[in-house]
Amino acid sequence: AEWKFAIEEIEGSVQDRYAQEFKRLIEEKSGGDITVTIYPYGSLGTSAALTELVTQGAIQFANSSPGHLGTLVSEVQVFSIPYLLSQNDEVNKKVLSESDVIYETLQSSFHEKNLHLLTMYPEGDMVWTANKEIRSPQDFDNFKMRTMVSPMLVEAYSAFGASPTPMPYGEVYGGLQLKQIDGQVNPVFAIQEMKFYEVQDYMIFAGQQEFTTTVVTNNDWFQNELSADERKMVNETIGELADYIFDVKREFATERLEMIKEAKPDITIIELTEEERAVFREAAQRVRDKYVEMTGESGKMVLEGLQADIKEAEEEMGA
Ligand code: 6CS
């Protein structure tokens with residue numbers, strides 16, 4: 001059999017490293033009975049298009065990041081609320097790979113769309129890029145900030161004082177170059193490999209959000225067409241990859257920043273102070289209310305459950 005796995009990023013990315021390792025393990029474990037074909041970003045369409053292809057069963061697996069998937073599974077936008085996840089990496093890793101709120105409560109929203117959520121993993125702290133210094137909501141005044149397409153991100157960047165401009169990933173470089181947008185927000189590795197730094201002079205670390213992604217499969221196919229052994233093989237492989245990808249994302253965060261600095265020595269890197277962050281954190285409070293307004297009772301359960309899981313993991317890990 002051939003399993004098709006589409007990623008939302010280009011070759012060499014975090015998602016690519018994940019998919020490559022998934023492919024290696026599945027092909028090895030199945031003794032060559034199964035081959036996995038990886039489709040990098042650009043070969044099949046936008047993130048939203050990839051998710052759609054999974055729901056139709058045209059492809060079996062895809063990365064589907066909450067920043068885009070929110071247009072289909074609105075509850076997943078909990079991961080687009082700024083300053084919700086922990087400031088501690090290990091805590092987020094644990095919550096994202098294990099939380100019952102994610103794999104039970106939130107899972108039911110995926111199943112309604114014929115998707116099955118296999119896993120979530122972090123890809124790195126999201127950084128703002130711009131051609132000016134941004135330290136306060138005032139600095140965001142009249143600033144066209146490109147966001148992924150989920151409606152919650154429009155709420156988040158409005159709350160921060162910016163003019164949010166949702167668009168697909170593939171249009172960001174051109175949008176920056178043509179000044180249709182003034183800035184964008186992504187993890188360091190993406191800023192490097194998509195070359196956004198070429199057309200941006202500032203990188204601003206505000207600690208507001210870890211980029212998270214999901215790996216989804218077609219629910220009918222997964223539950224009804226795979227054998228119990230195959231399902232087990234997929235689940236085990238996914239379990240094995242949590243540590244692997246976490247190490248990759250950590251390596252990328254430092255390596256890729258060095259690559260940017262080397263390619264563009266005059267780039268200005270700003271680390272917001274605790275006081276400066278506090279202003280954005282405060283502004284983000286109303287985004288939580290918007291989320292509940294937008295998603296109702298099911299969203300409220302996800303938000304409250306996730307907050308409790310994060311707190312518990314923080315206490316347990318002494319973070
Ligand atoms: O900004 C985006 O749209 C994309 N960013 C990353 C790092 N991965 C996929 C996503 O579509």
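Select helix H5 (residues 100-111) and turn to the face away from its buried side, where the exposed residues Asp100, Glu104 and Ser108 sit. Helices here are DSSP runs of H or I with at least four residues, strands are runs of E with at least two, and both are numbered from the N terminus.

The model is predicted: local features need pLDDT of at least 70, side-chain atom pairs count only at pLDDT 80 or more, and totals for chains, interfaces and linings use all residues. Residue numbers start from 1 along each chain as its sequence is written.

Now colour Val101, Ile102, Leu106 and Phe110, the buried residues of H5. Viewed down the helix axis, the buried residues of H5 fall within an arc of 115 degrees, so they line one face; the arc is taken over the directions from the helix axis to the C-beta atoms. An α-helix has 3.6 residues a turn, so residues three or four places apart point the same way. Show what packs against this buried side: strand E4 (115-130), strand E9 (210-218) and helix H12 (285-316). Contact means C-beta atoms, placed from the backbone, within 7 Å. For a check on length, the end C-alpha atoms of H5 are 15 Å apart, which agrees with the 16 Å that its twelve residues should span at 1.5 Å a residue. The expected span is 1.5 Å times one less than the number of residues.

Next, follow the chain into the loop between H5 and E4 and select Asn114. The phi of Asn114 is positive, near 60 degrees, in a residue other than glycine. Asn114 is partly exposed, with 16 other C-beta atoms within 10 Å. Asn114 is also among the contacts of Thr55, together with Lys113, Leu115 and Asn218, leaving aside residues up to four places away in sequence. Thr55 itself belongs to helix H2 (residues 47-56).

Look in the loop between helix H7 (172-177) and strand E7 (183-187). Lys179 is exposed, with 10 other C-beta atoms within 10 Å.

Move to the largest nonpolar core, a set of 82 residues in which Phe5, Ala62, Val78, Val127, Ala156, Ile191 and Val216 touch the most other members. Such a core is made of buried Ala, Val, Leu, Ile, Met, Phe, Trp, Tyr and Cys residues joined through C-beta atoms within 7 Å. E4 supplies the largest share of this core, nine residues. Centre on Ile191: its contacts, not counting residues up to four places away in sequence, include Val127, Phe196, Met203 and Ile260.

Just after H6, Gly161 takes a positive phi of about 95 degrees.

Finish at the ligand. Residues around it include Glu8, Glu9, His68, Glu123, Tyr169, Asn186 and Phe211; a residue counts if its C-beta atom, placed from the backbone, lies within 6 Å. The shell has five nonpolar, four polar and three charged residues. Ala, Val, Leu, Ile, Met, Phe, Trp, Tyr, Cys and Pro count as nonpolar, Asp, Glu, Lys and Arg as charged, and the others, Gly among them, as polar.

Definitions and conventions: A residue is buried if 20 or more other C-beta atoms lie within 10 Å of its own, exposed if 12 or fewer, and partly exposed in between; C-beta atoms are placed from the backbone. Two residues are in contact if their C-beta atoms, placed from the backbone, lie within 7 Å.
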